[in-house]
Amino acid sequence: MKHKIAFITGVTGQDGSYLAEFLLNKNYIVHGIRRINSNNNLNNLKKILNSKKRNRFKLHYGDITDSTNLHKILSKVRPQEVYNLAAQSHVHVSFQIPEYTHNVNAFGCLKLLEAIKNLKINCKFYQASTSELFGNNGNKFQSEKTPFTPISPYSISKLYAFNLVNYYKHQGMFACNGILFNHESPRRGDSFVTQKIINAALRIKNKSNETLKLGNLYAKRDWGYAKEYVIYMWKMLQLKKPENLVIANGKTYSVKEFVNKVFLKLDMPIKWQGKGIKEIGINKLNNKILVKIDPYYFRKIELNNLYGDASKAKKLIEFNPKVSLDQLIDIMIEKKDIDI
Ligand code: NAP
Ligand code: GDD
């Protein structure tokens, strides 16, 4: 049987690793780039590396900012599908390293698209775009028609890439943007808010004396399950013509609601006291302080509310997310993925 060939940047990350597993299950040959790192960064790929599918999975040392390297790999691999998931993906950090963030997220995407074009590779291209593009534009729901008002170096770099993808599409390439709202999993990086809350709550449950320090409790996010969302990246590339699509669960919760849910599930119901940076979350059962505010985690500009309208994806790629926020929290507490 002839295998399809996919190339994934960001394959060591949360989404890249799930996508690689999904494509290997679909019988693809999957190539990915890993950055050289003093420490092992292959944790998310353990499942693949320990399975028989490993012989259809090829890792290359590489970096999205290195066009010579991209050119060399792509000229050998000549993939039919390219998924550009590599990014400096942390919004808060992007305020501290805006230039680096642009080099990776914006110019990295440009280098990849140029390599594909110059090598005349006939492939379909998926770009990991983001709901961060919407910024605070006052819309209750955000869809493909909602104007973009990016407010962080991260979202500005991603808007550059979004526009680039449209530009190459107009040059005749099958290129599309998945506008994904937040999605989480046991593989979520430790410094993103969901994983940070869950890990701290688990440590406290296991007798750690620490207090969880958070920034803005009132920002709202539309959270989904990463393992489920990557399926729709693939589905977008199976369409006859490229479309930019919003992928979102269509429910929004504040960080505070997320905290309440997690601690309650671990038998530590929270009551809140105080206001502003003096607000604290206390265990109702023993009055121990569980949560405090640390202004370090405030952002220069905060995106207040994400609430996605994925009607177009529902119509075009039968987008039908099944995992609710409560299930997602259970999955993350258990640190065990479910079958989708
Ligand atoms: P992630 O876990 O942070 O993974 C990012 C990946 O990019 C990692 O594999 C990382 O490699 C790689 N990377 C970073 N800089 C690179 C470079 N210079 N060259 C090559 N690879 C590089 O992110 P994720 O949550 O899986 O998200 C995947 C993509 O979707 C990202 O582009 C993100 O911006 C976008 N996105 C994510 C969400 C979300 O809620 N998760 C929502 C919308 C859009 P290392 O392992 O070496 O660090
Ligand atoms: N990280 C973090 N740490 N966020 C905190 C904290 C904290 O201690 N306290 C409050 N928050 C708030 C942030 O201010 C933000 O409003 C919200 O929690 C979510 O933060 P993150 O989990 O860091 O995610 P994000 O929404 O900024 O960005 C993620 O989603 C985007 C899609 O909307 C990332 O995955 C981006 O790459 C992605 O594009």
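Tyrosine 100 is found in helix α5, which covers residues 98-118; helices here are DSSP runs of H or I with at least four residues, and strands are runs of E with at least two, both numbered from the N terminus. The model is a predicted one, in which local features need pLDDT of at least 70 and side-chain atom pairs count only at pLDDT 80 or more, whereas totals for chains, interfaces and linings use all residues. Residues are numbered from 1 along each chain as its sequence is written, and side-chain values use heavy atoms, with hydrogens and water left out.

With a relative accessibility of 37%, tyrosine 100 counts as partly exposed, a class that lies between buried (under 20% relative accessible area) and exposed (over 50%), as judged with a 1.4 Å probe and protein chains only. Together with Val93 and Ile97, Tyr100 forms a nonpolar surface patch of about 210 Å² of accessible area. Further along, the side chains of glutamate 114 and lysine 117 meet in a salt bridge of 3.3 Å, N to O, the term being used for a side-chain nitrogen of Lys or Arg within 4 Å of a carboxyl oxygen of Asp or Glu. These two residues are 3 apart in helix α5 and are therefore separated by about one helical turn.

Because 10 of the 13 residues of α7 are buried, the helix is largely enclosed by the rest of the structure. The buried residues of α7 pack against several elements, including β8 (212-214), α9 (255-265) and α11 (325-334), where contact means heavy atoms within 4.5 Å. Just after α7, lysine 207 takes a positive phi of about 80°.

A search of the whole structure finds 15 salt bridges. In one of them, the side chains of lysine 205 and aspartate 267 meet at 3.5 Å, N to O; lysine 205 belongs to helix α7 and aspartate 267 to the loop between α9 and β13 (270-273), so the pair ties together parts that are 62 residues apart in sequence. Lysine 265 forms another with aspartate 330, their closest N and O atoms being 2.9 Å apart. As lysine 265 lies in helix α9 and aspartate 330 in helix α11, this pair ties together parts 65 residues apart in sequence. Salt bridges with shared partners join Lys261, Lys265, Asp326 and Asp330 into one network.

Methods. Chains lettered and ligands numbered in written order. Patch = residues over 30% accessible without salt bridge, like charges linked within 9 Å, V, L, I, M, F, W, Y side chains within 5 Å. Areas by Shrake-Rupley, 256 points an atom, 1.4 Å probe, with all protein chains shown as cover.
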